[in-house]
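This note sets out points for a colleague who wishes to read the model alongside its sequence. Kindly keep the structure in view while going through them.

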Amino acid sequence: MSPGRNRGDGAGSFDGKAFVSTLSTAPGVYRMLAADGAVLYVGKAASLRKRVANYFSATPKPTRIMSMVSQIAAIEVTATRTEAEALLLENQLIKSLKPRYNVMLRDDKSYPYVLLTGDEWPRLAFHRGPRSMPGRYFGPYPSASSVRETLNVMHKLFRLRSCEDSVFRNRSRPCLQYQIGRCSAPCVDLVDPRDYAQAVHRASLFLDGRSSELNEELAQAMEQASEALEFERAAALRDLIATIRGLQARQYVDGSIADLDVLACTMQGSQACVMLLAFRDGRNLGTRAFFPRTAGSEDPAEVLAAFVSQYYAEQPPPREIVLDRAIEDVALLQEAFSINAGRRVQIKTSVRSERAGYVELVRRNAALSLAARIDSQSAQQARLDALRELLGLDAAPRRIECFDISHTMGEATVASCVVFDGEGPVRSQYRRYNITGVVPGDDYAAMHQALTRRFRRAAAALATPEAAADGEPAREAREAVLPDVLLIDGGAGQVAQARDVLQLLGIPTRSAGNPDGVLLVGVAKGEARKAGHETLLLPDGRELKPGPESAGLQLVQQVRDEAHRFAITGHRGRRQKARSVSRLEDIPGIGPRRRANLLRHFGGLAGLRAAGAEEIAQVEGVNAALARRIYDSLHGTDSAT
């Protein structure tokens with residue numbers, strides 16, 4: 001690859017025609033930049049000179065393209081060896097740079113996978129997030145429910161363990177999963193390692209979509225078992241084959257096992273929905289709706305083409321992709337996907353029979369999902385307008401933040417911050433704060449610490465706006481943004497803490513003399529803690545009780561409840577983590593081997609805590625003095641060292 005660049009003096013001064021004359025006819029990627037360095041657009045080209053020249057020709061162009069061209073201050077190009085290579089680079093740059101005028105796949109949730117770990121006794125489990133754990137990842141699946149349905153079938157068929165390693169290492173007897181026939185209990189050596197490895201191999205074949213190969217292997221194993229007079233084993237294999245074939249029979253497509261995705265795009269104005277229906281190994285994995293950022297485009301074919309290019313650059317494509325409409329660069333996309341997948345990938349737009357029925361089904365569901373989203377956005381806007389009237393604001397709030405505190409009698413205190421904008425919750429900007437260094441149960445101090453940590457970057461940005469605007473990391477840039485409305489879940493005491501923090505940090509708050517500051521609102525629970533009877537505490541001392549019929553209060557309740565849920569989830573996780581860490585690790589003389597012996601002997605930490613010092617001394621490698629130290633440490637007696 002070879003990069004190139006040309007820059008004008010500012011927006012409107014860029015000489016596009018002169019720049020085009022310097023370009024080669026090689027394939028590559030171009031990046032259009034604004035005067036402030038922001039990336040406006042990233043595109044690929046079979047010929048850089050011809051493609052970029054189109055933007056500066058006299059032919060009529062859509063309004064959004066004309067707007068973009070008027071802002072160009074520089075263009076950077078990177079020549080590639082092939083057009084397929086340019087396609088891959090384009091997708092990487094769109095994902096990393098997030099250009100303003102590109103149609104972009106927008107999804108703040110990672111895709112769910114089935115994970116088969118690489119342990120000595122592999123675990124089969126649900127996985128979402130970075131694929132950093134050693135093992136094999138099967139997917140992605142369109143929804144979490146489809147993963148759980150697959151896991152349910154897999155555990156019944158192959159009886160692989162699903163428990164976490166911390167549980168697996170410390171079992172002394174089989175768990176309920178073994179009793180109901182969903183695990184072979186490798187934790188207590190009730191299955192031969194070779195048999196377990198064979199089950200792992202067969203599970204991999206099934207998840208890879210190689211069911212025919214799996215059926216042949218099982219049939220051969222059944223015949224061998226029958227010849228060896230192992231009739232129980234042969235019967236078990238026979239039942240397994242019947243179950244697998246039964247699953248296949250329910251999900252056949254066109255009379256053969258299918259590995260395909262069906263996609264349809266529908267639009268209303270510049271809002272779009274792309275619906276995906278996935279089949280793997282003939283199994284219908286369900287649908288998933290995506291709502292790409294269209295950057296003003298109103299062409300469904302353009303949106304669908306961008307989605308297909310970006311989605312399958314990240315996810316392994318199936319053998320067949322069926323679209324509800326024709327898109328550009330089909331041959332190029334097929335070539336790039338086939339190279340990445342190591343097998344042939346086909347993209348089809350004209351299909352018949354059952355596939356045509358699936359296209360119509362997906363198109364109809366895309367229209368329904370988009371209509372529901374637009375209705376939801378309209379309702380959200382109506383509630384924002386009602387909140388504006390309720391709080392006496394000049395305009396509907398564009399950003400609402402809410403803080404809540406959660407703990408159990410002062411233990412594992414966690415503060416949450418949730419963010420809502422005009423479209424609803426912005427989950428990628430939620431934050432949790434583990435509270436430390438305060439008196440347990442002091443909610444005022446916890447609120448003070450959480451708000452200080454949230455707004456100190458914003459205060460720094462206000463103090464030095466030039467530095468804040470110059471290349472801040474994404475998280476710091478988000479935290480430098482101030483909310484229009486700051487909700488505090490609590491009464492006058494919590495609100496006073498918030499006011500003190502904002503004043504201390506120099507964050508402007510809304511008042512009669514400053515209508516542009518942050519509006520601080522307390523949300524106090526109503527009489528008998530009934531929903532809809534909350535009291536809103538305003539900075540000027542007023543108390544509002546809008547009642548359950550108020551649309552503005554309903555929005556406040558939604559934000560407050562989300563902050564409450566997010567705080568409780570974080571608190572429970574922190575509390576469970578603290579309780580799952582064995583205090584044995586802090587006792588001198590206890591290493592991994594003795595710890596394992598103790599937990600195995602007593603069946604866990606609860607059993608060990610219930611034992612006396614004399615019983616503990618009976619464990620291998622534990623003498624009387626160490627047993628007494630263990631007992632004292634677990635019970636908090638004065639003789640502990």
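The numbered points below proceed from the whole chain to its cores, its helix pairs and some individual residues.

1. Basis of the note. This is a predicted model, in which local features need pLDDT of at least 70 and side-chain atom pairs count only at pLDDT 80 or more, while totals for chains, interfaces and linings use all residues. Residues are numbered from 1 along each chain as its sequence is written, and side-chain values use heavy atoms, with hydrogens and water left out.

2. Overall composition. The protein contains 22 helices and 20 strands; these are DSSP runs numbered from the N terminus, with helices being H or I of at least four residues and strands E of at least two. Of its 641 residues, 46% are buried, where buried means under 20% relative accessible area, exposed over 50% and partly exposed in between (1.4 Å probe, protein chains only). Among contacts (heavy atoms within 4.5 Å) between residues at least 6 apart in sequence, 62% join residues at least 24 apart.

3. The largest nonpolar core. A nonpolar core is a set of buried Ala, Val, Leu, Ile, Met, Phe, Trp, Tyr and Cys residues joined through side-chain atoms within 4.5 Å. The largest such core has 31 residues, and the members that touch the most others are Leu263, Leu304, Val308, Tyr312, Ile321, Leu323 and Phe337. At least two residues of this core come from each of helix 4, strand 5, strand 8 (260–268), strand 9 (271–280), helix 11 (300–314), strand 11 (320–323) and helix 12 (330–341). Helix 11 gives the largest share, eight residues. Leaving aside residues up to four places away in sequence, Leu323 touches Leu263, Leu304, Val308, Ile347, Lys348 and Thr349. Another core, of 30 residues, lies apart from this one and includes Met154, Cys187, Leu205 and Ala221.

4. Helix 4 against helix 12. Two packed helices are described by the angle between their axes and the distance between the axes. Axes are lines fitted to C-alpha atoms, for helices over the stretch in contact, and angles run from 0 to 180 degrees between N-to-C directions. Helix 4 packs on helix 12 at an angle of about 80°, with the axes 9 Å apart. Helix 4 is therefore roughly perpendicular to helix 12, a label given to angles of 65 to 115 degrees. Glu83, Ala84, Leu87 and Leu88 of helix 4 meet Leu332, Leu333, Glu335, Ala336 and Asn340 of helix 12. These residues divide into six nonpolar, one polar and two charged; Ala, Val, Leu, Ile, Met, Phe, Trp, Tyr, Cys and Pro count as nonpolar, Asp, Glu, Lys and Arg as charged, and the others, Gly among them, as polar.

5. Helix 8 against helix 9. Helix 8 (193–207) and helix 9 (211–227) pack at an angle of about 150°, with their axes 7 Å apart. From helix 8 the contact uses His201, Arg202, Leu205 and Phe206, and from helix 9 Ser211, Glu213, Leu214, Glu217, Leu218 and Ala221. The residues of this contact comprise five nonpolar, two polar and three charged.

6. Asn102, in the loop between helix 4 (83–97) and strand 5 (112–117), counts as buried because its relative accessibility is 3%. Beyond its neighbours within four places in sequence, Asn102 is in contact with Leu40, Tyr41, Val42, Ile94, Arg293 and Ala295. Thr413 belongs to strand 14 (411–421) and is buried at 7% relative accessibility. Not counting residues up to four places away in sequence, Thr413 touches Ile405, Ser406, His407, Tyr433, Asn434, Ile435, Ala446 and Arg574.

7. Gly410. This residue sits in the loop between strand 13 (400–408) and strand 14 and is buried, at 12% relative accessibility. Gly410 and Val439 are 29 residues apart in sequence, yet 7.9 Å apart in space, C-alpha to C-alpha.

8. Positive phi values. Asp189, in the loop between helix 7 (176–179) and helix 8, has a phi near 60°, a positive value in a residue other than glycine. Asp189 is exposed, with a relative accessible area of 62%. Asp329, in the loop between strand 11 and helix 12, likewise has a positive phi of about 60° although it is not a glycine. Asp329 counts as partly exposed, at 33% relative accessibility.

Key: Angles under 35 degrees count as roughly parallel, over 145 as roughly antiparallel, 65 to 115 as roughly perpendicular and the rest as oblique.
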